[in-house]
Amino acid sequence: MATIRDIAKLAGVSSVTVSRVLNKDNTLSVSDETRQRILTITEELNYQTPRSRRAASSKETPEDSEFSNIKIGTVMFLTENQEEDDHYFHAIRQGVEKECVASGIRTADIFRMELFESPKMEFGDVDGVIFIDRSYDFNIQNVKTLKHVVFVDSAPDVESFDSVVIDFERVAKLALDHLFGLGHTKIGYIGGNRTYGKDQRQFYFERYMKERELLNPEHVYMGGWWIPEGNRLMKEAISKGDLPTAFFVANDALAIGAIHAIKEAGLRVPEDVAIVGFNDIDMAEYTSPPLTTIRSQPELMGRMAVKLLIDQIKGREAPVQVVVPAKLIVRNSCGS
């Protein structure tokens, strides 16, 4: 069965672009030629979208659903190319789309914002808005002008808005307790910067290490969120000397870049430096060595956001927060 990635490869575009074309996203800026090329390849491969497969296998079509007239807007703070490289946020958006299909919701428009932009709360005739990530400090009063709102991966005001989050305090403790159990006490951190303040993984890493009187601020390295940044930050750590024997890394892309830098320096993972990542992307199991990481459930987070919006539209007024569980997946990058 053909996949979106197959179509993207033949069309010479990202899988995100293919997905948006097939979902008739009118906000997508793409030439008519590219759009037609994608549609032609889709037809040649006999690809069926999840929505069309669902309609074919069920007596109920999307038009028959009680939610078929609902229109959802999804706000993201990544470009298409950035989303393509970011498994976590891409999977959240896919979860939104899949739950819309499962619920018979006809549309899920995507609004892409610049990282440092405070968006005007103007999203057309949508019935609800899902904010994925929070890349700036929201003006809460402006958000309150929207009727139905869910935040995913952030919770700027739990007394006013629904949110779907991960318990990052527990995540940091899972990673660090595992490393402590292996005898590591000199533990570093590699993570990405946020425009609105400190990332929660970094915050709880520092707090938990400080509680144990083990925190060394010199062992905290911050930059971007992608593989090259993990490579750069680990090289910086190696060049400084006094290298920690283990690192908690804020996502798997950074961890993969870090492992590559360690090998380039003639060091070994996990014998010289142990690594714990976050996300459990598909590639994590196949790195060398396989990556110990925290398995989050980003697709489930996106699905839950749609369910919360539907619940609001049905009349629920009290805000709800859903905490999606994460678990430690132990592989060889920690030596056990």
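Biologist: How many disulfides does the count come to in this structure?
Modeller: The count comes to zero disulfides, a disulfide being a pair of cysteine sulfur atoms within 2.5 Å. The model is predicted, so local features need pLDDT of at least 70 and side-chain atom pairs count only at pLDDT 80 or more, while totals for chains, interfaces and linings use all residues. Residues are numbered from 1 along each chain as its sequence is written, and side-chain values use heavy atoms, with hydrogens and water left out.

Biologist: What makes Cys 100 count as buried?
Modeller: Its relative accessibility is 1%, and buried means under 20% relative accessible area, exposed over 50%, and partly exposed in between (1.4 Å probe, protein chains only). Cys 100 therefore counts as buried. Cys 334 is also buried, because its relative accessible area is 6%.

Biologist: How much of the protein chain counts as buried, and how many helices and strands are in it?
Modeller: Of its 336 residues, 53% count as buried. The chain has 12 helices and 12 strands; these are DSSP runs numbered from the N terminus (H or I, at least four residues, for helices; E, at least two, for strands).

Biologist: How do you know that helix H2 is mostly covered?
Modeller: Helix H2 covers residues 15-22, and eight of its eight residues are buried. Among them are Ser 15, Arg 20 and Leu 22.

Biologist: Why is Thr 74 called buried?
Modeller: Thr 74 has a relative accessible area of 1%, so it is called buried. Thr 74 sits in strand E1, residues 71-76. Apart from neighbours within four places in sequence, Thr 74 is in contact (heavy atoms within 4.5 Å) with Val 96, Asp 109, Ile 110, Phe 111, Ile 130 and Ile 132.

Biologist: And what makes Val 276 buried?
Modeller: The relative accessible area of Val 276 is 0%, so Val 276 is buried. Val 276 belongs to strand E9, residues 274-279. Once neighbours within four places in sequence are left aside, the contacts of Val 276 include Ala 175, Leu 179, Phe 247, Thr 292 and Cys 334. Val 276 and Ile 329 are 53 residues apart in sequence, and their C-alpha atoms are 9.3 Å apart in space.

Biologist: What share of contacts in the protein chain join residues at least 24 apart?
Modeller: Among contacts between residues at least 6 apart in sequence, 71% do.

Biologist: At what angle do helix H6 and helix H12 pack?
Modeller: H6 (residues 87-103) and H12 (residues 298-313) pack at about 45°, and their axes are 6 Å apart. The axes are lines fitted to C-alpha atoms over the stretch in contact, and angles run from 0 to 180 degrees between N-to-C directions. H6 is therefore oblique to H12: under 35 degrees is roughly parallel, over 145 roughly antiparallel, 65 to 115 roughly perpendicular, and the rest oblique.

Biologist: Which residues of H6 and H12 meet?
Modeller: Those in H6 include Tyr 88, Ile 92, Val 96 and Cys 100, and those in H12 include Met 301, Arg 303, Val 306 and Ile 310. The residues of this contact divide into 10 nonpolar, four polar and five charged. Here Ala, Val, Leu, Ile, Met, Phe, Trp, Tyr, Cys and Pro are nonpolar, Asp, Glu, Lys and Arg charged, and the others, Gly among them, polar.

Biologist: What kind of peptide bond joins Val 269 and Pro 270?
Modeller: That bond is cis, with omega about 10°. Most peptide bonds are trans. Pro 270 is in the loop between helix H11 (252-264) and E9. Ser 288 and Pro 289 are also joined by a cis peptide bond, with omega about -5°. Pro 289 is in the loop between E9 and strand E10 (292-295).

Biologist: Why is Lys 173 called partly exposed?
Modeller: The relative accessible area of Lys 173 is 40%, so Lys 173 is partly exposed. Lys 173 is found in helix H8, residues 168-181. Lys 173 and Tyr 204 are 31 residues apart in sequence and 8.0 Å apart in space, C-alpha to C-alpha.
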